[in-house]
Number of protein chains: 2
Amino acid sequence: MYTNSLSGQDKPTIQNRHALSLDNSQAIRSAFFISDGTAITAETLGRSILSQFASVPFETHVLPYVDTLERAQDAVEQINMAYQRDGLLPLVFDTIVSPEIREKINSADSCNLDMYEGLIGRIAEETGIEPDGHSGHAHDHVDSETYKARIDAVHFALDNDDGARTRHYSMADIILIGVSRSGKTPTSLYLALQFGIRAANYPLTEDDLYDNQLPKALREHKDKLFGLMIDTDRLVRIRNERRAGSRYSSYQQCQQEQRAIQGIYISQGIPNLNVSEMSVEEIATRILQMTGLKRRIG
Amino acid sequence: MYTNSLSGQDKPTIQNRHALSLDNSQAIRSAFFISDGTAITAETLGRSILSQFASVPFETHVLPYVDTLERAQDAVEQINMAYQRDGLLPLVFDTIVSPEIREKINSADSCNLDMYEGLIGRIAEETGIEPDGHSGHAHDHVDSETYKARIDAVHFALDNDDGARTRHYSMADIILIGVSRSGKTPTSLYLALQFGIRAANYPLTEDDLYDNQLPKALREHKDKLFGLMIDTDRLVRIRNERRAGSRYSSYQQCQQEQRAIQGIYISQGIPNLNVSEMSVEEIATRILQMTGLKRRIG
């Protein structure tokens, strides 16, 4: 099974480990995210919690599909090896439903952080209903209607990316606008994959920016428009990664475009968001919140 | 703030509520996912746990960005209203870091399921380090290197979708192959957005399927190929949603294509996966597991 360090860098060498271990606060500690399914839930919550301990250099390992006692034994061996190597108890975040498999995982030399048991027990008590005992929720997405909504949204986003077509805008849930490289495409795709929302996107080019009105294709769907804004410094950096040293990437050009588009958002009353400090997840969530747009899945 | 029912259907009407409430086991119960950030973590774990109680009709509400006492008060009022309406204590899943805001949320009439406090306390005890107290982990993705890797991967997936281009395959981390509508495109995009992996995809058409060798563009990158398989019944259903009643969507055509591609995977020794019962998340996770491919972000 593959492992991955939290920092995205290569694993520390034995030498690095020892050097780091001299200062105890810098000792590397292993963290495992273990599940009988994709481990997305365990990993999402686990990383979120680890981010509260930014001073600890964690080495993280994702172990999905630990759904047999044999695989659980493999996991236990990995955890125990990490303990021997680190000299610190590994943190084990798990979302395993089967009591036998969970018990096996708990037998490892670890600080076990069960994410399910306590919460499920409290809900069973409150509702008076016993949990089903099946694993994960990933199968929700295999449900035919959900699958279709999601795939349709992805293909819609692809077909209507970057102003490629405008004739299907009547079917769009939302049309993202912004200057080149302001984050429209990844946001459209995330809205599609995560929420089943049909998001088109349209780049406002120089011609559009200095015209006195919105392009015709957009004017007809003004109620669906949502504008992305981005700080000039950040836009310059992103564009330079694409075309270094060009007019397109120059500070002056980026600043002018941002000023012009801000004017359009204000004069046309288009809701908009400065996305400079935001991840794609944050942009998408803020858009739902600001527009009241309903998800089709999730 | 927007709300969304778990089933993706419209909210039950008051009339439905009463009808359902006659049978106590069917009484609707509200569940809230609350966070000072995107609420993705709270929602992911919360839905996963609720799926263990499939017999309970939950009405779910996602409240992101509850990051001031005022917003917390709004949330409390929503929770209390739900309690009055349902006659059952709402379940409140939260991942709020600020003690003041968490205390406010806890003051609502609810069954509070804190996802952070217990786990963070145990880690602080084990590591001897106090948590940072900042919220969420979403900002990880704003880190410039991570942002770039992610956006580059998304654009790579778009540019190399559906066999559009093959000249950049040397830069691909993986090349997904399969028949039309076997799930290549959403999987490529998910690999890009979630893991920063540069995934191209190439549809094997009839010409390719009945040739005695792989298309040239693929032959040169055989070590990067990964094949998707799909049950004929499911493929027929998916294709019929696109072109109903066509030869393309016929059982015979789908079956022939699947048989031919299976032959190619076997004869060429291409790792492959039957994705019929899998969500996009599951497909992507299984591919990482089977190939040992390393993520670039996460």
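K148(A) and D152(A) sit 4 residues apart in helix α6 of chain A, about one turn of the helix. The model is predicted.

Q: In K148(A) and D152(A), how far apart are the N and O atoms of the salt bridge?
A: An α-helix has 3.6 residues a turn, so residues three or four places apart point the same way. K148(A) and D152(A) are 4 residues apart in α6 of chain A. Their side chains meet in a salt bridge, and the N to O distance is 2.9 Å.

Q: Is K148(A) buried, partly exposed or exposed?
A: Buried means under 20% relative accessible area, and exposed means over 50%. K148(A) has a relative accessibility of 25%. That value lies in between, so K148(A) counts as partly exposed.

Q: How many helices and how many strands does chain A hold?
A: Chain A has 298 residues, and 57% of them are buried. Among its contacts between residues at least 6 apart in sequence, 70% join residues at least 24 apart. Chain A is built with 12 helices and 8 strands.

Q: By what turn can chain A be laid on chain B?
A: Two copies of a chain are related by a rotation about an axis and a shift along it. Here the shift along the axis is 0.0 Å and the RMSD is 0.0 Å. The two copies are thus related as by a two-fold rotation axis. The turn is 180°.

Q: What area do chain A and chain B bury between them?
A: The contact takes 90 residues from chain A and 91 residues from chain B. Carbon and sulfur atoms account for 62% of the buried area. The area that the two chains bury between them is about 8,600 Å².

Q: Which element of chain A gives the most residues to the side that touches chain B?
A: Across the interface, 16 residue pairs are in polar contact. Several elements of chain A each supply at least two residues to this side, including α5, α6 and α12. The element that gives the most, with 8 residues, is α2(A).

Q: Which residue of chain B forms a salt bridge with R295(A)?
A: Side chains of opposite charge can pair when their charged atoms come close. The closest N and O atoms of this pair are 2.6 Å apart. R295(A) lies after α12 of chain A and its partner in helix α2 of chain B, so the pair joins two chains. The partner is E43(B).

Q: Which residues are linked with E43(A) in a network of salt bridges?
A: The interface of chain A and chain B holds 6 salt bridges. In one of them, E43(A) meets R295(B) at 2.6 Å, N to O. The network links E43(A) with R47(A) and R295(B).

Q: Is T185(B) buried or exposed?
A: T185(B) is found in helix α7 of chain B. Its contacts include V154(A), H155(A) and L158(A) from chain A. The relative accessible area of T185(B) is 9%, under the 20% cut-off, so T185(B) is buried.

Note on methods
Residues numbered from 1 in each chain as written. Chains lettered and ligands numbered in written order. Predicted model: local features only at pLDDT ≥ 70, side-chain atom pairs only at ≥ 80, totals over all residues. Heavy atoms only, no water. Buried < 20%, exposed > 50% of the residue type's maximum accessible area, 1.4 Å probe, protein only. Contact = heavy atoms within 4.5 Å. Least-squares fit on C-alpha atoms with pLDDT ≥ 70 in both. Buried area = accessible area lost by both parts, 1.4 Å probe. Salt bridge = Lys/Arg side-chain N within 4 Å of Asp/Glu carboxyl O. Polar contact = N/O pair within 3.5 Å; in protein donor to acceptor, adjacent residues only side chain to side chain.
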